[in-house]
Amino acid sequence: MGNRTLNIVLLTLVLANAFGQQPMGQLPMEKVNPILPGYFADPTIKKFGDIYYIYATTDNEMLASGVPTVWYSTNFEHWYNYTMEVPSLESVNLRNFWAPDIIEGDDGRYYLYFGNCQAGCNIYGYVSDTPVGPWEKLNKDDSPVIAHNYPRKGFPSLDAQFFEDSDGRIYAYWGTWVHYNGGYAVGELDTDSMAEVKNSKNIPLEETPEPFEAAYMMKKGDKYILMYSGGSCHDETYNVRYSHSDTPYGPFVPGENNPILSTNEEGTVHGPGHHSVLEENGKYYMVYHKHDYPMTRGGLSRQVSVDEMVFENDSTIRKVIPAHKDLQDLRAPDLPRNLALGAEATASSFYHLQSLQYDYAYKPSLATDDHNATMWKAADNSFPQQLTLDLGKVTDIKRVMTQFEFAGYYYQYKLEHSTDGENWNLYADRSSNKTPGSPLVDDNDVNARYLKLTVSDVEKTGLYAAVWNIKVFGSLFEIPLDLQGKPSNEDNGAKSAHQKLVDIDAKGFPSQNEFVHLPNSGSLGGNFEKEGEVVIEEGEEGIRTFNFTKGALVLDQAVPRSLEWNGAFTVATWVKNPQIAKEGECLLSWCDRFRFNLANSYNALHFNSGHYGAAAHLDGHFDMGYNTLPTANEWHHIVLTFDGVVEKIYVDGQLDNSQNMTLASQITNAKIRIGASDVGEHFSGHMAFLQMYDYALTQKEIGELMLLTTPLRKK
């Protein structure tokens, strides 16, 4: 088939997408500025002394399973991130530090509580002499402060918040998936040990209508205000609600104007919830999380925002209007001027997200707009990448603060300065940096007009050079606490070899029922060992295929590191599925679903009608099905791509579905399996051809590959 046919096919693909749904573009972010740069959720805000602290779930790192983290600030403008030292359990290496809360005890010590579902859904407690640790276990035997199955069997103990009443008694409120778990729980904390909750009971569901999780208790006058989150944390239905009572145990009366915080009409505040409240100078502020934009699939790339919360009276809260007022009452006056604000920025490249849902550009200018909802992101995950600022004139530069996309991973970089944009001198060299954090602060004393940031590497495979904000100052100022994080023990992320890793074509082998192994023609080499029932046959159309029933072809080579974590990939195959089941029907698997058993730590290509559909991630909130299910008993060219930002599924050359994802692919014990997953889920059909790449093919390349490899072409 010649170039004319190829051009017609590619034109058809373009037109098919052009007349589909209109993707969402740049949103007016000026009214949607999260206070923290990065992905954090379930915020608890406290003020100890003159320092504000925000304890949060570290999001979008292994599916809300990132490091235990705290942010701190004295002026509500400059926030500093620190990874806390929290001991693990003896029985399991902790990775879940969910929904933290903290109490200052009468003894002057600090008591920190985290939820965790690795050894049952429990609340564990820790103690320290400072608000940031290092932390010691409250219970040396690893027993939880609030255990799973308390106050009744089957109740998951997560999302605990503690409330100290005016008489000094401390009450705990907790529970998640409450709508089918019998209502939130309330109990009293033993203030002698701070390590046990007693006198617990469930709050009847009718007293907190439409609940989901995240109970929060506060007091206004003589009224106890039990606030909570309803809807689903994964989508736009998430919201904040409340009920009130005359006692900490209830009974509670639902607020008449629920919900008081919801997704707004513009979509700039999407899925807000799981909040805490700061009282400052007689005013109340709700600190909550919302989804990122463009939104990562499943809603677990959340960001922390703050809005004023106003009481109509002691038992009625007005609806919160996101970004209705700025936070000048909280911000300290006379803050040093950010010389980079609005500065002209250029970059070696920038990422243009084009999918069915979005048409969004991560432009260099987004690194100098001082907005925590926007960032510059390089065009791909190759290194080095550069971001250059023009400050407009030669000026004193004494401090540069860089906020990279992920605060919990290290970035390696250097900063250079210049007066003319041509001759460069070193400002700071972090090319061997292994310490995560945000911002990364570099001090010097130079006169320059231009600054150039060169990002040379990153901790995790597949992550991009990406910066929320880069800020430049002509003077030094005090950094509260000035904590130093621990260096990571991890090596730098693996790089794509930009190769075809796997290549197997049935037409290259004779028809046979019995074979032991088949060679892999891709760069990984090795052989595919047959497991179970797989035969090579020639069908009625004269097409030679691998016919799978309950079998697989398993490569005897290790899965390469370029496919770990957030590594890019493409899987392309020609298949014919006589009957399309709702589940199973795995075409290719290359991850270990058991190492962490988290949705974004597993991915595989499927061909079924259920939610696994095309891209399986172990959870319907994250899986990607087919928008239009390919017809049964016909040949289809199916391609799954991931470039480190967006997954796309193509059917017969057309983009069928897409979603933003951040993966944490686990490959340590995995095998590349054709025709089955690591737990079976066998494909029951014909496959003529399969290739796998360690980078994402473009739509044009996919169209060309489809024509080049079609088993339907005339001989």
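Guide: One term before we start: a cavity is a set of grid points where a 1.4 Å probe fits but cannot get out, and its lining residues have an atom within 4 Å of a point. Also, keep in mind that this is a predicted model.

Visitor: Okay. Which residues line the second largest cavity?
Guide: Its lining is made of Asn 60, Leu 63, Ala 64, Thr 296, Arg 297, Leu 300, Ser 301, Asn 600, Phe 622, Met 661 and Thr 662. By class, that's five nonpolar, five polar and one charged. The space inside the second largest cavity is about 70 Å³.

Visitor: How many cavities of 30 Å³ or more are there in the whole structure?
Guide: The search finds five. The largest cavity has a volume of about 230 Å³. It has 24 lining residues, and the closest to its centre are Tyr 39, Thr 296, Tyr 362, Lys 377 and Glu 405.

Visitor: What classes of residue make up the lining of the largest cavity?
Guide: There are 13 nonpolar, eight polar and three charged residues.

Visitor: Let's zoom out. How many helices and strands does the chain have?
Guide: Two helices and 43 strands. The radius of gyration is 27 Å, close to the 27 Å that the globule rule gives for 715 residues, so the chain is as compact as a globular protein of that length.

Visitor: And what size of box do the C-alpha atoms fill?
Guide: Roughly 85 × 70 × 50 Å along the principal axes. Of the 715 residues, 61% count as buried. As for the accessible surface, that's about 27,800 Å², with 46% of it belonging to carbon and sulfur atoms.

Visitor: Switching to pockets: what volume does the second largest pocket have?
Guide: About 990 Å³. It is lined by 48 residues, and Tyr 351, His 352, Gln 354, Asp 643 and Lys 648 are the closest to its centre.

Visitor: Which helices and strands each supply at least two residues of that lining?
Guide: Helix 1 (3-18) and helix 2 (699-709) do, along with strand 23 (352-354), strand 29 (440-458), strand 39 (635-642) and strand 40 (646-651). The lining of the second largest pocket splits into 20 nonpolar, 19 polar and nine charged residues.

Visitor: What about phi?
Guide: Glu 210 isn't a glycine, yet its phi is positive, about 55°. You'll find Glu 210 in the loop between strand 12 (197-202) and strand 13 (213-220). Asn 633 is another non-glycine with a positive phi, about 60°. Asn 633 belongs to the loop between strand 38 (615-616) and strand 39.

Visitor: Is Glu 210 buried or exposed?
Guide: Glu 210 counts as exposed because its relative accessibility is 55%, and the cut-off for exposed is over 50%. Asn 633, at 45%, counts as partly exposed.

Visitor: Last one: which residues does Val 535 touch, leaving aside neighbours within four places in sequence?
Guide: Val 535 is in contact with Gln 512, Asn 513, Phe 515, Thr 545, Phe 546 and Asn 547. Val 535 itself is in strand 33 (residues 527-538).

Key:
Residues are numbered from 1 along each chain as its sequence is written. This is a predicted model: local features need pLDDT of at least 70, side-chain atom pairs count only at pLDDT 80 or more; totals for chains, interfaces and linings use all residues. Side-chain values use heavy atoms; hydrogens and water are left out. On a 1 Å grid over the protein atoms alone, a cavity is a set of points where a 1.4 Å probe fits but cannot get out, and a pocket is an open set with protein on both sides within 12 Å along at least five of seven lines; lining residues have an atom within 4 Å of a point. Grid points are joined across faces, edges and corners, and a volume is the space filled by probe spheres set on the points. Ala, Val, Leu, Ile, Met, Phe, Trp, Tyr, Cys and Pro count as nonpolar, Asp, Glu, Lys and Arg as charged, and the others, Gly among them, as polar. Helices (H or I, at least four residues) and strands (E, at least two) are DSSP runs, numbered from the N terminus. The radius of gyration is taken over C-alpha atoms; the globule rule is 2.2 Å times the number of residues to the power 0.38. Buried means under 20% relative accessible area, exposed over 50%, partly exposed in between (1.4 Å probe, protein chains only). Accessible areas come from the Shrake-Rupley method with a 1.4 Å probe; for residues, only the protein chains shown count as cover. Contact means heavy atoms within 4.5 Å.
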